Amino acid sequence: MSVFLQSRGLLLRLLGTSLTGILTFIACKRLNDQNALHAQYLEIQNALSSIPNISQNPPTIFLLGFHDHGKSSLVNTMCRVLYGEEGPLILRAETAPHCLLSTTSRHKRVSVRNPFGGNPENIISLVDTPPLPAADKLLKSDVKTLLKVVPENQNPGGGMCPVPECVVLVLGSKDVMLGKLLMKKLPEIVSVLREEGLQFVVVLTHKRALKNRKEAEFLQNEVARRARSDCVYVVENYTASANTNNRRPVSVKNDFDTHNKILAIIRQCLEFVATYRSTTLTSKGA
Ligand SMILES: Nc1nc2c(ncn2[C@@H]2O[C@H](COP(=O)(O)OP(=O)(O)OP(=O)(O)O)[C@@H](O)[C@H]2O)c(=O)[nH]1
Ligand SMILES: [Mg+2]
């Protein structure tokens with residue numbers, strides 16, 4: 001009997017220690033995640049401060065891509081992350097249920113006000129563009145046209161023209177994986193961006209549609225090779241699709257991987273904008 005009690009006591013102590021270990025691990029991981037995100041927010045603040053003329057003209061980032069690949073959802077995700085929001089997803093850009101006709105029929109600008117307090121001016125402009133034609137019909141001139149169109153009523157002060165200063169090319173992971181033609185067209189699309197003097201980031205959305213991490217890495221490497229760029233990210237957007245039949249908005253859970261990558265994407269874009277502006281200002285001054 002006493003042996004039984006002793007071993008039960010030992011077992012309980014062991015369980016207690018394991019539980020404490022697990023809870024400590026979770027707490028440490030959460031703290032590490034928070035620190036990593038905090039560091040990223042600081043880097044974004046630094047990147048913003050290095051952009052010339054930022055108080056007169058917010059950096060303009062164009063989101064370009066095919067229909068239904070997640071451009072508008074990425075705008076919503078970027079805003080949620082920048083503002084550090086929790087709870088229901090606020091839809092700044094309209095998204096459509098899968099495979100319906102395009103919802104983005106014209107260039108739509110979403111202005112992000114300063115999420116770090118201080119100067120309340122708009123500090124980043126995200127431009128959600130109409131979709132590119134399907135890969136089998138796509139011409140280089142289509143990409144050029146989307147970059148050239150200036151959104152209506154977007155330049156009231158007559159300041160720096162609201163043309164793109166950096167591009168985020170948004171592609172659905174599974175579509176790229178399955179669409180050989182789409183992969184073939186990628187070098188053509190990015191060549192137009194380069195010809196226009198624009199640096200770009202490729203964002204592969206719908207990360208969860210991929211089988212596993214190995215598949216995600218394979219896709220990322222393949223896209224990086226085709227686009228000749230290191231700036232390729234595989235992300236899962238925050239979406240409200242689960243809420244659409246619901247009158248009450250349902251809370252969307254934040255995810256470290258999404259937050260972390262979105263912050264990295266924004267920082268990268270801001271660095272590209274800083275380079276673009278410095279080059280433009282230098283060539284204007286010359
Ligand atoms: N699971 C998942 N769904 C996504 C993701 N990104 C977008 N979606 C869903 O895909 C659908 C299309 O997304 P949109 O953001 O409207 O796509 P879009 O590129 O703006 O489409 P157009 O405006 O028609 O060009 C919506 O139902 C989104 O909820 C993602 O990363 N994961
Ligand atoms: Mg859209």
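Reader: Taking a residue as buried if 20 or more other C-beta atoms lie within 10 Å of its own, which residues of α5 are buried?

Author: In this predicted model, the buried residues of α5 are Leu182, Met183, Lys185, Leu186, Ile189, Val190 and Leu193.

Reader: What do they pack against?

Author: The buried residues of α5 pack against the helices α3 (140–148), α4 (173–178) and α6 (213–227). They also pack against two strands, β4 (166–172) and β5 (200–205).

Reader: And where does α5 kink?

Author: The kink is at Leu186, shortly before the proline Pro187, and amounts to about 35°. Leu186 is also one of the buried residues of the helix.

Reader: How far does α5 reach from its first C-alpha to its last?

Author: Helix α5 covers residues 180–195, 16 residues in total, and reaches 24 Å between those two atoms. That is close to the 22 Å expected at 1.5 Å a residue.

Reader: What follows it?

Author: Gly197 follows α5, and its phi is positive, near 75°.

Reader: Which residues have a positive phi without being glycine?

Author: Asn53 is one of them, with a phi of about 55°, and His206 is another, also at about 55°. Most residues other than glycine have a negative phi.

Reader: Where are Asn53 and His206, and is each buried or partly exposed?

Author: Asn53 is in the loop between α1 (2–49) and β1 (60–65). His206 is in the loop between β5 and α6. This residue is buried, because 21 other C-beta atoms lie within 10 Å.

Reader: Turning to the overall fold, how many helices and strands does the protein have?

Author: There are seven helices and six strands. From the N terminus on, the elements run α-β-α-β-β-α-β-α-α-β-α-β-α. Of the 286 residues, 34% count as buried. Among contacts with a separation of 6 or more, 74% join residues 24 or more positions apart.

Reader: Which residues of the largest nonpolar core touch the most other members?

Author: Val168, Phe200, Val202 and Cys269 do, in a core of 60 residues. Helix α7 (residues 256–285) supplies the largest share of this core, 10 residues. In soluble globular proteins, nonpolar side chains tend to be buried together.

Reader: What is Cys269 in contact with?

Author: Leaving aside neighbours within four places in sequence, Cys269 is in contact with Ile61, Cys166, Val168 and Val201.

Reader: Now the ligand. Which residues come nearest to ligand 1?

Author: Gly70, Ser73, Thr95, Thr104 and Asn237 come nearest, out of 23 residues around it. Helix α2 (residues 71–83) gives the most to this shell, with three residues.

Reader: How does the shell around ligand 1 divide by class?

Author: It has three nonpolar, 16 polar and four charged residues.

Reader: Finally, where is Gln220, and what is it in contact with?

Author: Gln220 is in helix α6. Apart from neighbours within four places in sequence, its contacts are Leu204, Val232 and Val234.

Reader: How far apart are Gln220 and Asp230?

Author: They are 10 residues apart in sequence and 9.2 Å apart in space, C-alpha to C-alpha.

Technical notes
Residues numbered from 1 in each chain as written. Chains lettered and ligands numbered in written order. Predicted model: local features only at pLDDT ≥ 70, side-chain atom pairs only at ≥ 80, totals over all residues. Near = placed C-beta within 6 Å. Helix = DSSP H or I, 4+ residues; strand = E, 2+ residues; numbered from the N terminus. Nonpolar A, V, L, I, M, F, W, Y, C, P; charged D, E, K, R; others polar. Core = buried A, V, L, I, M, F, W, Y, C linked by C-beta atoms within 7 Å. Buried ≥ 20, exposed ≤ 12 C-beta atoms within 10 Å, placed from the backbone. Contact = placed C-beta atoms within 7 Å. Expected span 1.5 Å × (residues − 1). Bend = angle between axes of the 7 residues up to and from the residue.
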